[in-house]
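Subject: The structure I promised you

Hi,

Here is the structure we talked about, for you to open and look through.

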Amino acid sequence: MTHNAFPPSPSRRTRGVVLLVLASLGLAGAVFVVRRPLMMSAPACMAGRWHGCFDTFNGVVLLTLAALPPAALVVWALARRRRAAGVRSAWRVSSAEVGMVYGTVPFLWMTLMPGGGAGTVPARVSLVPLRDLATMGPIGIGGNLLVFAALGLFAPVRFAALASVPRILALGAGCSILVETAQYVLRLDRVTSVDDVLVNATGAVLAGLASRRWWRTTTEAPADRPHPAPAPVP
């Protein structure tokens with residue numbers, strides 16, 4: 001028998017299409033589950049009102065979903081421009097740049113959203129490691145893991161200097177320290193906790209490990225530089 005015993009593996013394009021379909025179905029399912037809370041913020045967001053839209057988690061999530069098509073359009077425009085200039089991995093670089101911003105800004109906005117006693121209650125600090133984890137609950141821990149997940153996922157893909165686990169950990173921890181410091185200085189009625197820093201940095205590292213196969217190493221040619229055209233053969 002000359003035929004192989006196993007069927008050929010699916011092509012990379014087929015796997016990409018399957019992953020895209022699964023991601024779309026997952027996003028559609030998530031939107032269906034939270035459609036009622038999101039629709040409560042829709043009138044205020046459509047009217048451009050701050051109260052009821054920009055100062056609520058539901059409003060920020062709704063605006064994030066509405067910004068998905070423009071973000072995809074920006075990725076397409078950047079990738080097309082880079083491909084015309086002969087840049088390697090144009091889609092990877094463009095997706096990483098937009099993904100860092102699109103996936104991080106909404107979580108930063110929600111993290112820095114003032115509480116009910118902002119500006120009036122004293123700033124609170126918790127510097128004992130692991131003490132606040134029990135009070136966070138599954139939703140709080142999951143939310144903190146996602147704050148800098150997009151940054152940890154896409155930053156090492158875009159920047160070769162960040163393509164290592166210790167550097168991603170340092171990036172996540174440093175950004176989280178800045179956010180916690182801002183919460184304390186601005187008196188946003190939030191607890192400035194060392195556990196938030198630990199969980200945020202852990203989320204960045206876990207997301208970075210998920211994208212490890214796409215990291216740019218220092219030995220690769222820079223992906224954002226156009227390659228010179230080959231000289232014509234006389």
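Below is what I found, starting with the whole chain and then going into the details.

One thing to keep in mind from the start is that this is a predicted model. The chain has 234 residues, and 30% of them count as buried. You'll see 10 helices and 2 strands. Reading from the N terminus, the order of elements is α-α-α-α-α-α-β-α-α-α-β-α. If you take the contacts between residues at least 6 apart in sequence, 71% of them join residues at least 24 apart. The accessible surface of the chain is about 15,000 Å², with 71% of that belonging to carbon and sulfur atoms.

Now to the inside. The largest nonpolar core is made of 12 residues: Ala96, Met100, Val147, Phe148, Leu151, Ala155, Val157, Ile168, Val179, Ala204, Val205 and Trp215. Four helices give at least two residues each to this core: helix 6 (90–111), helix 8 (149–158), helix 9 (165–186) and helix 10 (194–210). Helix 8 has the largest share, with 3 residues. There is also another core that lies apart from this one; it has 6 residues, including Leu38, Ala42, Cys53 and Leu62.

Setting aside neighbours within four places in sequence, Val179 is in contact with Leu108, Thr111, Leu112 and Phe148.

Helix 10 is worth a look too. From first C-alpha to last, its 17 residues reach 25 Å, close to the 24 Å expected at 1.5 Å a residue. The buried residues of helix 10 are Asp195, Asp196, Val197, Val199, Asn200, Ala201, Gly203, Ala204, Val205, Ala207 and Gly208. What do these buried residues of helix 10 pack against? Their partners are helix 7 (133–147), helix 8, helix 9 and strand 2 (191–193).

On to the charged pairs. Side chains of opposite charge can pair when their charged atoms come close. The count here comes to 3 salt bridges.

- Arg82 and Glu97 meet through their side chains at 2.7 Å, N to O.
- Arg158 belongs to helix 8 and Glu97 to helix 6, so here the parts tied together are 61 residues apart in sequence. Arg158 is buried, as is Glu97.
- Asp189 and Arg124 make a salt bridge at 2.9 Å, N to O. This pair links distant parts of the chain, 65 residues apart: Asp189 is in the loop between helix 9 and strand 2, and Arg124 is in strand 1 (residues 124–126). Asp189 counts as partly exposed, at 23% relative accessibility. Arg124 is partly exposed as well, with a relative accessible area of 39%.

Put together, Arg82, Glu97 and Arg158 are linked in a network of salt bridges.

Next, the surface. Val17, Val18, Val21, Leu22 and Leu25 make a nonpolar patch of about 450 Å² there. Val18 is found in helix 1 (residues 12–33). Why does Val18 count as partly exposed? The relative accessible area of Val18 is 44%, and partly exposed is the range between under 20% for buried and over 50% for exposed.

Thr64 is in helix 4 (residues 57–66). At 18% relative accessibility, Thr64 counts as buried. Not counting residues up to four places away in sequence, Thr64 touches Tyr102 and Pro106.

The other is Leu186, which is found in helix 9. Is Leu186 buried or exposed? With 55% relative accessibility, Leu186 counts as exposed. The C-alpha atom of Leu186 is separated by 8.2 Å from that of Ala118, and the two residues are 68 apart along the chain.

Happy browsing!

Terms used: Residues are numbered from 1 along each chain as its sequence is written. This is a predicted model: local features need pLDDT of at least 70, side-chain atom pairs count only at pLDDT 80 or more; totals for chains, interfaces and linings use all residues. Side-chain values use heavy atoms; hydrogens and water are left out. Patches are made of residues with over 30% relative accessible area and no salt bridge: like charges are joined within 9 Å, nonpolar side chains (Val, Leu, Ile, Met, Phe, Trp, Tyr) within 5 Å. Accessible areas come from the Shrake-Rupley method with a 1.4 Å probe; for residues, only the protein chains shown count as cover. A salt bridge is a side-chain nitrogen of Lys or Arg within 4 Å of a carboxyl oxygen of Asp or Glu. Buried means under 20% relative accessible area, exposed over 50%, partly exposed in between (1.4 Å probe, protein chains only). A nonpolar core is a set of buried Ala, Val, Leu, Ile, Met, Phe, Trp, Tyr and Cys residues joined through side-chain atoms within 4.5 Å. Contact means heavy atoms within 4.5 Å. The expected span of a helix is 1.5 Å times one less than its number of residues.
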